[in-house]
Protein chains: 2
Amino acid sequence: LIWIAVDAMGGDDAPRNVVDGALAATRHFDLGVLLVGQGRAIEAELAKLDVFDAVDRSRVRILDTPDVIGMNEESPAAALRRKPASSIKVAADAVARGDASALVSAGHTGATVMAAHSAFGMLPGVDRPALAAVIPTRTRPALLLDVGASVECRPPHLLQFAVMGSMFARVVYDIARPRVGLLSIGHEATKGNELTREAHQLLKASPVHFIGNVEARDVYSGGADVIVCDGFTGNVALKMSEGLVELVEGLLSEELSGTIANMVGSLFTRRALRHFRMRVDYSEYGGAPLLGVAGVTIVGHGRSSAKAVRNAVAMAYRFADTRFIARVGQEIAAASPA
Amino acid sequence: LIWIAVDAMGGDDAPRNVVDGALAATRHFDLGVLLVGQGRAIEAELAKLDVFDAVDRSRVRILDTPDVIGMNEESPAAALRRKPASSIKVAADAVARGDASALVSAGHTGATVMAAHSAFGMLPGVDRPALAAVIPTRTRPALLLDVGASVECRPPHLLQFAVMGSMFARVVYDIARPRVGLLSIGHEATKGNELTREAHQLLKASPVHFIGNVEARDVYSGGADVIVCDGFTGNVALKMSEGLVELVEGLLSEELSGTIANMVGSLFTRRALRHFRMRVDYSEYGGAPLLGVAGVTIVGHGRSSAKAVRNAVAMAYRFADTRFIARVGQEIAAASPA
């Protein structure tokens, strides 16, 4: 049995949604979950779930620890120092010790990145970690990285992101030869800023299947499977999209209320919107893998539903099961300029 | 009469849409249009329009020039050198000479920025030009700048963008005290990259009404009237949004075709979508002013409709009529650290 350490206290609705989602994963995949957090609160959630669907206790272990790092913590570094018994730190350390094969947290992103980095260290040949967001496109999902783990990047970092992202696309999406694009503001190699111009040359000379610069407008068109950028740009790109989806939904609801005709129409539209959401919803994809650290780490959205947690745990299982970390380490070594 | 020089050859559907939109502007505002481009093609469009609605020739002048810079020109600098009689250059020079009070072009953005920069020079105290995109929010429109004119920026440039953007919000949207936000990846002053951390301090100490960092997710929520960033980040942010709107529309159409029930629903939804588009559509806002150059310049979207051109010409008129350039020059002088 592969064990996944889950930060049971991480996320807006923790531990309820987290325990629920983690348990669901144990029912669908050949895995056990190590629930890390306040033992009594976790047991209480397990008891509630047990009423509807018997909990297989051979698939569940609890690691009791008192502290929690809040979602709005301004300085995760200080919080991790102040709270050595926080659920995220204890969960990461459990993976580092070998008590579990992968880490899942929907808690504070910065704290998760730091705890994983400190517990696992970096893969040899990787200088910076990258959060890889799975985004929908007109065709199949694509990977955008980094979306916030490494704010300041130099060109070799983007090459490392490209190698790791390609491996992800092969392992998780079975894409034999993932197309890698560089997020920039024009197609030509000379377009963009200093970082992208130099990264373009590095990528062109590398073993990754580099298809050139990708303009932000084309990210959602599905022309690239892996799109690399620095963490500042990626975070802005991802969160602009989140904000716009919220605006669209808000405006459409406004347009669709009021008249009777609109209310009739809205029944149909709501169904279409629901289907649409299923295709853009992060919960379908589970979470963002933190690539580059020497241990499987999946970072869930702070507002993760039970389903999102289940899918994040499933993604962690897939990474652990396919020995992602060992394999990506080999690829990085092969891609690095001698 | 205030005259507006319009690059009649700029944009995907030029000169048809451009002439049509420019003429519409002369009917609604107290202005004349100086149409710059291939005289015979422009006359042909005027003749077509005259059939439906008599063209007031006292409001229209033509400046005949043979060359056109294509929308897909890779090097606008080289194109401007190679084609000194291009419509965009001749139009900018006409404004510099005083034959018109403002410049409007929906042609190649880079070529327009360069032609305006070279014809007008920069305002004293402004180091870099900024393209300011008007974007919809839950409340009133907001201004995002720079969206691509100045790819590499230093902190003082963002302060200059903030001063110019504030003036724009006051003049065009009658907002007495525009709230200025700094696009970053966290609310705290210490979050972001080197550029945003230093710019945060400069903005805090400046006369602009600085409300702090704005996360990309909140750009569309309407909490800030003016949002400043470097041109690389702004271009990515804006174009991610454009791409996502296209994806949303594409997926919704897919969801809404197929069954009869969906087809009935889609009648209502299409109407809602149309209303929605009117609120997010760039054509409502006309174009992006190029701030910082010493002459009124409005850059239209390459795919501008006649209506978008009309609104761009109207925006140019508003800028010229309110002596925007002279006033922003004074504000910049007042905001600059001694």
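How many bridges join β1(B) to strand β4 (residues 102-105) of chain B?

## Strand β1 of chain B

3 bridges join the two strands, which run parallel; strands pair if DSSP finds at least two bridges between them. B:Ala5 stands opposite B:Leu103 in β4(B). Helices (H or I, at least four residues) and strands (E, at least two) are DSSP runs, numbered from the N terminus.

β1(B) also pairs with β2(B) (residues 31-37), in the parallel sense, over 6 bridges. There B:Ile4 has B:Val33 as its bridge partner. Between β1(B) and β2(B) the chain passes through helix α1 (residues 16-28), and this β-α-β crossover is right-handed (clockwise from the first strand over the helix to the second, with the strands pointing away from the viewer).

## Basis of the model

This is a predicted model: local features need pLDDT of at least 70, side-chain atom pairs count only at pLDDT 80 or more, and totals for chains, interfaces and linings use all residues. Residues are numbered from 1 along each chain as its sequence is written, chains are lettered from A and ligands numbered from 1 in the order written, and side-chain values use heavy atoms, without hydrogens and water.

## Salt bridges

The structure holds 30 salt bridges over all chains (a side-chain nitrogen of Lys or Arg within 4 Å of a carboxyl oxygen of Asp or Glu). One joins B:Arg217 and A:Glu242, with the closest N and O atoms 2.2 Å apart.

B:Glu73 bridges to B:Arg82 at 3.4 Å. A:Arg140, A:Arg179 and A:Asp225 form a salt-bridge network.
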